[in-house]
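I opened my notebook to look up a few things in this structure. Here is what I went through, one entry at a time.

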Amino acid sequence: MEERDLDPDPLRQFERWFEEARASGLAVPEAMALATATAAGGPSVRMVLLKGADERGFAFHTNYESRKGVELTSNPRAALLFHWQPLGRQVRVEGRVERIAVEESEAYFRTRPLDGAPYPYLVLDALVVKCREGSRTVNACVVHAVAVNQEGFRESLGLDVVTSEDGAAWLAFMRSLVARGLSGVKLCTSDAHPGLVDAIAATLPGASWQRCRTHFMRNLLTRVPKSAQSFVATMVRSTFAQPDADTVLEQHARVVEQLGERFPAAAELLAEAAPDLLAFTHFPKEHWRQLWSNNSLERLNKEIRRRTDVVGIFPDRASIVRLVMGFESGPPKGPSCTTVSVGLTASS
Ligand SMILES: Cc1cc2nc3c(=O)[nH]c(=O)nc-3n(C[C@H](O)[C@H](O)[C@H](O)COP(=O)(O)O)c2cc1C
């Protein structure tokens with residue numbers, strides 16, 4: 001390549017090459033190595049995903065408490081490297097890293113394009129909190145979508161505060177995710193809220209639905225006398241403790257049969273729910289734990305609830321979003337930690 005073929009603006013040149021890398025069908029063209037160093041200069045490097053590039057720099061997400069987050073706090077100098085091997089191209093970026101302002105990070109999180117990568121698994125949940133609206137206190141509902149991306153990392157995709165968890169609210173929320181580029185969803189996990197299930201079917205036509213096993217269990221146990229609930233719960237749980245898909249299905253059938261003798265209404269519900277409750281069996285076993293319930297979000301909701309109890313009533317909707325996002329940028333929780341934005345300023 002001749003130097004005169006290059007755009008004089010390095011960012012324009014990057015954008016052109018990045019588009020070509022995407023168009024060439026490369027698996028994850030936005031993957032880049034990020035090198036940081038401790039204050040004493042000890043280097044470290046790892047892969048991250050590009051979340052946007054403009055005049056201000058190259059954006060990526062990290063947990064502020066991670067090793068890179070801590071290193072960048074004490075030494076903001078960093079380098080990035082993209083390598084698009086089939087095209088015979090690499091791009092090197094060096095500069096200072098800056099945290100994006102909370103409001104911007106928040107706005108970015110809620111509106112960022114999702115068209116970078118397919119998100120095979122999506123988990124949806126809702127939480128009701130109290131919020132002030134003018135002089136009134138109303139119940140507001142936080143709807144939340146978390147995906148597991150192609151690399152197996154959990155990523156918060158979107159969050160909205162709506163007046164009530166009805167079908168119209170879920171449909172609008174799901175449409176906004178699709179409009180932002182959500183694609184490639186193979187399985188979506190949620191409770192059986194009718195408006196939500198319809199919204200999933202309408203917006204993600206190719207995806208299977210996994211009925212959250214934890215919510216299902218609560219529904220099922222309402223059909224069983226209190227004295228037998230713990231025994232029935234243990235029986236149903238045994239379905240999920242099987243080593244492979246075939247034995248899950250066999251155990252489910254066995255439990256339906258055993259329940260049928262004493263608790264026909266529960267047995268009927270368990271039998272009817274099979275396709276949705278056991279949808280996870282069509283996916284690799286090592287992913288099952290992340291797929292069969294929305295417990296991961298329930299844990300987040302519990303933490304929000306704990307903090308909400310301190311705050312009591314939120315002064316407005318924006319403060320709810322801020323609290324949830326604040327929680328998300330908390331300490332790392334293994335490879336599935338959620339991330340927050342940091343901008344990198346490029347220099348040639
Ligand atoms: C392809 C790929 C993309 C990744 N993207 C991110 C990312 O965007 N943000 C992130 O924090 N970690 C990402 N990771 C994980 C990091 O490489 C790293 O393991 C993790 O963030 C911990 O790094 P640290 O301890 O140096 O902070 C990615 C890993 C791979 C293989």
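Predicted model: local features only at pLDDT ≥ 70, side-chain atom pairs only at ≥ 80, totals over all residues.

**Around the ligand**

I began with the ligand's oxygen atoms and found a backbone N or O atom of R67 at 3.3 Å from one of them. Next I looked at side chains. An N or O atom in the side chain of K68 lies 2.6 Å from a ligand oxygen atom. For S66, a side-chain N or O atom is 3.4 Å from an oxygen atom of the ligand.

How much of the ligand does the protein bury? I looked up the areas: the ligand taken alone exposes 620 Å², and the protein buries 70% of that.

**Domains**

I turned to the overall layout of the chain. The protein chain is divided into domain 1, covering 3–107 + 334–347, and domain 2, covering 213–292. I checked the separation as well: the C-alpha centres of domain 1 and domain 2 are 45 Å apart.

**Helix 5**

Which residues of helix 5 are buried? In this helix, residues 194–203, I noted G195, L196, A199, I200 and T203 as buried. They sit on the same side of helix 5, because they cover an arc of only 135 degrees around the axis.

I then looked at the face of helix 5 turned away from its buried side. That face carries the exposed residues P194, D198, A201 and A202.

**H252**

My last stop was a histidine, H252, which I located in helix 8 (residues 245–262). Is H252 buried or exposed? Its relative accessible area is 7%, and since buried means under 20%, H252 counts as buried. I followed its side chain to see what it reaches: the side chain of H252 comes to 3.0 Å from the backbone oxygen of L270.

Conventions. Residues numbered from 1 in each chain as written. Heavy atoms only, no water. Polar contact = N/O pair within 3.5 Å; in protein donor to acceptor, adjacent residues only side chain to side chain. Areas by Shrake-Rupley, 256 points an atom, 1.4 Å probe, with all protein chains shown as cover. Domains from an automatic or database assignment. Buried < 20%, exposed > 50% of the residue type's maximum accessible area, 1.4 Å probe, protein only. Helix = DSSP H or I, 4+ residues; strand = E, 2+ residues; numbered from the N terminus. Arc of directions from axis to C-beta.
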